[in-house]
Amino acid sequence: GLIVVEEITGPAEIVEGQEAEFRLRLTRAAGGQGDDLRADVEATYAADPERYALTNQVVYVSGSGTEAVFRFKPNPDDATVEERAGGLMERILAVTITYRHGRRTVRKSRTYRFGMRLNSEQVIRRVPPHLGSILGLTPKTLR
């Protein structure tokens, strides 16, 4: 293809509440001359694909290359009971790059596995809000 997609770089592990920053470098292939190429960059992260979509980006790849940067705070509420007990939530960042080469649409992708250290002392209540007053979870001052 006309665009070379390098590996995603970023932290292998972050702490709950910390913002993560991942970078993906795109360069022109050897011999690729001419105008800048437009590339659409889509990214998602989650245990199951496409649960949390990040903001789509449009980048223009010149001869010197460019970088797509993704900054986000992973949602700790997404952690399963087992992950919360173990103190580590592992997720996969999946990035898809799409660009046009003549009449063809070329699609490339990269993935990156990262972990988030969870606060194991935090108690998560998974009770629907409408059941709170029935079960006595609503503070007396709000009844």
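Arg23 is partly exposed, with a relative accessible area of 28% (buried denotes under 20% relative accessible area, exposed over 50%, and partly exposed the range in between, with a 1.4 Å probe and protein chains only). The structure is a predicted model, in which local features need pLDDT of at least 70 and side-chain atom pairs count only at pLDDT 80 or more, whereas totals for chains, interfaces and linings use all residues. Residues are numbered from 1 along each chain as its sequence is written, and side-chain values use heavy atoms, with hydrogens and water left out.

The side chain of Arg23 forms a salt bridge with that of Glu21 (3.1 Å, N to O), where a salt bridge is a side-chain nitrogen of Lys or Arg within 4 Å of a carboxyl oxygen of Asp or Glu. Glu21 is partly exposed at 30% relative accessibility. A salt bridge also links Arg23 to Glu67 (2.8 Å, N to O). Because Glu67 lies in strand β7 (residues 66-72) and Arg23 in strand β3 (residues 20-28), this pair ties together parts that are 44 residues apart in sequence. Strands are DSSP runs (E, at least two residues), numbered from the N terminus.

Strand β4 (residues 37-46) is mostly covered, seven of its ten residues being buried. Pairing of two strands requires at least two DSSP bridges between them. Strand β4 runs antiparallel to β6 (residues 57-61), with five bridges, and Arg38 has Tyr60 as its bridge partner in β6. Eight bridges join β4 to the antiparallel strand β8 (residues 88-101); there, Ala94 is the bridge partner of Thr44.

Key: Helices (H or I, at least four residues) and strands (E, at least two) are DSSP runs, numbered from the N terminus.
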